[in-house]
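Visitor: I'd like to learn how to read helix packing in a model like this one. Could you walk me through it, step by step?

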Amino acid sequence: MKEKELTLADLRLQIDAADDKVLAALAERMEVAKKIGQLKKESGGTVMDADREARKLLALQEKADKILKPYISRIYSVLFEISRDLQSKL
């Protein structure tokens, strides 16, 4: 028996569910980034850690699946920038 073909509406519901998960993960990431920023501020550290970001990008590239791999640098460069912005405002 052939599986039911998914409609555009079905696929959009899947995208909506995935977006909800992404938003939750981003909120969690930003809460942790905020805590890191607070620790950096208390210890006199700097917000920018270029070595950490470079190492993290390489690790993420290795973990990413094939479809996502070409976009990891762009996605995480924005996330790093946003995290630094949040931390600089503490």
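Visitor: Let me start with a single residue. In which helix is Ala 54 found?

Guide: Ala 54 is found in helix H2. Do keep in mind that this is a predicted model.

Visitor: How far apart are Ala 54 and Arg 84 in sequence and in space?

Guide: They are separated by 30 residues in sequence, and their C-alpha atoms are 14 Å apart.

Visitor: Now for whole helices. How do I describe a packed pair?

Guide: Two numbers do the work in general: the angle between the axes and the distance between them. Here, helix H2 (residues 50-63) packs with helix H3 (residues 72-88) at an angle of about 145°, and the axes are 10 Å apart. The crossing of H2 past H3 is right-handed.

Visitor: Which residues of H2 and H3 meet?

Guide: From H2 come Glu 53, Lys 56, Leu 57, Leu 60 and Gln 61, while H3 brings Ile 72, Ser 73, Tyr 76, Phe 80 and Arg 84. By type, the residues of this contact are five nonpolar, two polar and three charged.

Visitor: Which residues of H3 are buried?

Guide: The general idea first: an α-helix has 3.6 residues a turn, so residues three or four places apart point the same way. In H3 the buried residues are Ile 72, Tyr 76, Leu 79, Phe 80, Ser 83 and Gln 87. They lie on the same side of H3, because they cover an arc of only 100° around the axis.

Visitor: What do the buried residues of H3 pack against?

Guide: They pack against helix H1 (8-43) and H2. Take Ser 83, which lies in H3. Ser 83 counts as buried because its relative accessible area is 7%, under the 20% cut-off. Beyond its neighbours within four places in sequence, Ser 83 contacts Arg 29, Met 30 and Ala 33.

Visitor: How does the span of H3 compare with what its 17 residues should give?

Guide: The two agree: at 1.5 Å a residue H3 should span 24 Å, and its end C-alpha atoms are 24 Å apart. For H1, with 36 residues, the reach from first to last C-alpha is 52 Å, close to the expected 52 Å.

Terms used: Residues numbered from 1 in each chain as written. Predicted model: local features only at pLDDT ≥ 70, side-chain atom pairs only at ≥ 80, totals over all residues. Heavy atoms only, no water. Axes fitted to C-alpha atoms, helices over the stretch in contact; angles between N-to-C directions. Helix = DSSP H or I, 4+ residues; strand = E, 2+ residues; numbered from the N terminus. Left-handed = near helix turned anticlockwise from the far one by under 90°. Contact = heavy atoms within 4.5 Å. Nonpolar A, V, L, I, M, F, W, Y, C, P; charged D, E, K, R; others polar. Expected span 1.5 Å × (residues − 1). Buried < 20%, exposed > 50% of the residue type's maximum accessible area, 1.4 Å probe, protein only. Arc of directions from axis to C-beta.
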